[in-house]
Protein chains: 2
Amino acid sequence: MGVVATRRELLRSAAGLGLAGMIPALAGCSEAKAAQPPNILFILADDLGYADLSCYGRRDYVTPHLDTLASQGVRLTQGYANSCVCSSTRIGLVTGRYQQRLVVGLEEPITTPKPTDMLPAGHPTIASLLKAQGYRTALIGKWHIGGAPAAAPTNYGYDHFYGYTGGGTSYYPLSAANPMPDDLISNGSPVAWNGYLTDVLADEAVRWITGGWGPFFLSMHFNAPHAPWTAPGDMAGAALWTDALDRNRGNLDAFAKIVVNLDQNIGKILATLDALHLANDTIVVFTSDNGGERFSEMWPFTGVKGELLEGGLRVPLILRWPGKIAPATTSPQVMVSMDFLPTLLAAAGGAPDPAFPSDGENLLPVLTGASAPHPRKLFWRHKAGDQAAVRDGDWKYLRLGGKEHLFDLAADARERADRSADEPARFAQLRDAWTAWNAGMLPYSAANFTYDVTQVDADRY
Amino acid sequence: MGVVATRRELLRSAAGLGLAGMIPALAGCSEAKAAQPPNILFILADDLGYADLSCYGRRDYVTPHLDTLASQGVRLTQGYANSCVCSSTRIGLVTGRYQQRLVVGLEEPITTPKPTDMLPAGHPTIASLLKAQGYRTALIGKWHIGGAPAAAPTNYGYDHFYGYTGGGTSYYPLSAANPMPDDLISNGSPVAWNGYLTDVLADEAVRWITGGWGPFFLSMHFNAPHAPWTAPGDMAGAALWTDALDRNRGNLDAFAKIVVNLDQNIGKILATLDALHLANDTIVVFTSDNGGERFSEMWPFTGVKGELLEGGLRVPLILRWPGKIAPATTSPQVMVSMDFLPTLLAAAGGAPDPAFPSDGENLLPVLTGASAPHPRKLFWRHKAGDQAAVRDGDWKYLRLGGKEHLFDLAADARERADRSADEPARFAQLRDAWTAWNAGMLPYSAANFTYDVTQVDADRY
């Protein structure tokens with residue numbers, strides 16, 4: 001039987017990766033190709049800044065696996081997150097809509113989950129919609145859209161969940177006395193884990209990809225390079241962190257090792273696709289949930305996580321789909337987290353739920369070269385610092401720290417030259433557009449988490 | 001006669017540079033070598049940030065002439081300015097002492113010069129001390145230590161002054177109606193000038209070097225890349241600026257062209273040294289007066305001009321002295337603006353005036369490899385934001401925006417991990433050291449210029 005022969009062949013390849021004994025997926029079998037939609041491997045880094053990969057400019061380390069991925073697909077220079085912090089981007093990502101349409105989406109981020117900090121039961125998600133298309137689905141790593149069990153990913157279309165529901169976790173298991181989160185769960189059960197978290201999550205991804213059948217959607221949401229900045233091998237250092245918000249730890253050297261290790265682990269997952277002959281039938285996406293934190297590089301942008309300046313919003317965004325997306329290309333197409341739902345559903349032959357139309361856009365025609373890049377109109381909001389932003393074409397309105405600005409991003413990506421006095425009509429138009437958009441969203445309540453954006457780092461005073 | 005033959009030879013070389021007809025310097029003649037101290041070409045950029053040269057990391061343009069200079073000498077990774085703004089650094093530079101010892105040194109920077117905004121008559125300077133050593137001396141470009149004629153450079157040991165006394169000037173001459181400064185003076189007389197300022201200043205340097213005899217000290221203080229950000233060739237754009245503090249103009253593209261042109265002009269001056277066979281007998285220094293402004297890159301540092309974070313203080317610092325300083329080396333030696341006076345005087349066979357001992361240090365032994373790099377203890381102060389800083393070895397105390405920090409620069413060059421709670425004794429020791437140093441300096445008066453450091457750019461709120 002052809003299928004058996006292929007399975008044997010796959011097992012031979014898998015042996016080289018230490019995968020022998022696992023049941024390989026057969027998605028790459030030539031018999032199934034015509035009928036089967038592409039697998040989707042969606043990789044989300046946590047707090048990785050725009051210039052934190054060497055293919056985006058970082059100089060103090062290299063990320064060869066992600067650079068190679070970019071060379072095999074398209075690298076977007078205008079990729080955006082739905083928010084400048086984690087939870088709210090992730091809600092925009094999984095719903096394909098502005099997160100401000102949902103009560104849970106007003107938490108920036110979710111701190112101690114309240115009963116309202118969850119997606120409404122039955123709310124369609126990228127996972128439930130792909131599942132309806134026949135996909136097996138999983139989320140490995142960070143959820144941060146509510147606590148388990150009530151708001152576990154498995155309630156929202158993910159067949160499998162292995163990871164953590166909070167905002168961050170230790171890179172090594174800690175002693176019981178350490179208050180820092182370090183608990184992993186697998187489909188509702190606690191996981192006894194050892195080793196470095198990024199390795200552990202990637203190993204689980206390899207297991208899950210290898211151990212199933214049919215087209216898959218894997219949301220691989222790494223912890224790295226979120227705080228605590230514990231480098232691989234530094235178990236003693238991990239124990240020093242008792243709160244991921246510690247402001248007295250971390251440095252560029254640890255950050256570099258965390259990102260290099262992340263890149264290696266992504267290389268491991270991509271090698272699994274190769275070994276299973278799935279690479280040609282798999283869309284791979286790599287992006288980040290918001291702009292970088294204090295050890296990130298955002299050049300040429302200013303601003304960091306927590307700010308609606310480009311440095312807080314602009315993220316690496318790489319897509320590979322052999323035979324559909326041209327290799328070694330860069331694209332100026334503006335794309336944002338909530339575009340993935342309509343875009344990936346389109347690739348799977350589906351569409352968003354008409355009752356929950358996406359605020360994003362199916363950009364597959366642009367990514368595959370069928371149509372040209374085009375301007376977008378996108379809105380952002382952030383409670384901390386009373387921030388507001390709209391991007392319309394190349395122009396951006398920004399309100400931050402009590403001041404309003406108008407920037408021409410095409411000429412001034414660093415957002416330094418405030419053009420509001422020179423362009424009063426455009427300024428008013430963009431501000432009005434934001435006000436109108438905001439009126440259609442849920443308002444913040446006093447209970448929504450916030451913080452003082454000026455009290456974070458020495459250069460924020 | 002050997003001298004005449006050499007002069008003819010020099011004129012032949014100079015012809016290729018368009019210098020024919022000028023009187024060449026004879027400093028490079030072999031007859032004079034043994035007796036003559038080295039020429040000193042001291043080049044100061046204005047507001048160039050730490051990573052603004054390609055040899056320091058800048059990626060969106062290249063600076064081949066300065067990169068080559070670095071490859072022929074030593075590139076310091078821990079070069080500092082005496083201040084995070086212009087005038088005060090320049091006072092530290094020319095006096096070789098903490099600028100806070102002088103009333104004029106309390107202006108950060110000098111805005112509209114007051115009668116007290118000048119060095120005391122007869123105060124020794126790097127120029128007057130070198131002049132006493134037999135040097136012909138000049139300052140071309142920016143002075144900014146007081147207005148002419150009372151406080152002109154020619155009152156302080158500079159034989160020749162061609163440039164401007166204020167903080168910045170237009171890159172092109174402007175119409176009389178434009179309030180932006182664009183006046184140049186030469187030894188007290190107005191200069192009618194045309195063309196791009198950086199070209200004009202470099203041409204004057206070539207003229208002056210070529211047109212004299214004996215060892216020279218040239219302080220070549222460029223305007224570039226200070227605001228207004230007018231690219232070469234953009235005469236129309238120059239006219240749009242009416243105030244160098246305009247916050248609605250400038251962009252990365254213009255900045256890149258300004259720095260590339262600066263590099264080319266420095267190449268032109270260095271080629272003149274080559275053509276006149278002076279390169280082997282000339283110490284060339286390149287540095288900046290403070291950290292970078294809004295279009296500068298300061299990676300891996302945070303902070304900008306106006307802040308005592310490393311990004312506001314750390315500057316490119318390159319020294320070339322053929323046969324004395326090893327080529328293609330980098331050095332971690334901490335060196336600061338006020339070190340140039342004792343260091344360059346030592347190279348010239350002189351020493352500071354004993355009545356005005358330098359707060360800096362002769363670092364020639366380190367630069368020439370005779371002794372190893374060693375730790376330093378240096379202090380900074382800035383009125384805006386009530387800033388204070390001391391660096392002692394690798395540790396730094398920083399007070400900024402009402403908050404105090406302790407940073408370990410060896411581990412954390414970005415100044416993100418505040419170690420004050422972990423290292424209370426070290427924190428107290430450094431703060432006390434700063435307080436003791438400050439007690440020996442002049443206090444600010446209410447009349448000293450200041451500004452709100454938080455009201456500058458969008459990411460400073």
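Tutor: Gladly! In this predicted model, A:K396 forms a salt bridge with A:E310, with 2.8 Å between the closest N and O atoms.

Student: Why is the pair A:K396 and A:E310 called a salt bridge?

Tutor: The rule asks for a side-chain nitrogen of Lys or Arg within 4 Å of a carboxyl oxygen of Asp or Glu. A:K396 is a Lys and A:E310 is a Glu, and their closest N and O atoms are 2.8 Å apart, so the pair meets the rule.

Student: How many salt bridges does the rule find across the interface of domain 1 and domain 2 of chain A?

Tutor: Three salt bridges. The same interface has 19 residue pairs in polar contact, both residues at pLDDT 80 or more. On the domain 1 side of chain A, the elements that give two or more residues are α8 (310-313) and β12 (335-336).

Student: How much area do domain 1 and domain 2 of chain A bury between them?

Tutor: About 2,500 Å², 57% of it on carbon and sulfur atoms. A:Y98, A:Q100 and A:L308 supply 27% of the area that domain 1 buries against domain 2, more than any other three residues.

Conventions:
Residues are numbered from 1 along each chain as its sequence is written. Chains are lettered from A and ligands numbered from 1 in the order in which they are written. This is a predicted model: local features need pLDDT of at least 70, side-chain atom pairs count only at pLDDT 80 or more; totals for chains, interfaces and linings use all residues. Side-chain values use heavy atoms; hydrogens and water are left out. Buried area is the accessible area (1.4 Å probe) that two parts lose on being put together, summed over both. A polar contact is a pair of N or O atoms within 3.5 Å; within protein, one must be able to donate a hydrogen and the other to accept it, and residues adjacent in sequence count only if both atoms are side-chain atoms. Helices (H or I, at least four residues) and strands (E, at least two) are DSSP runs, numbered from the N terminus.
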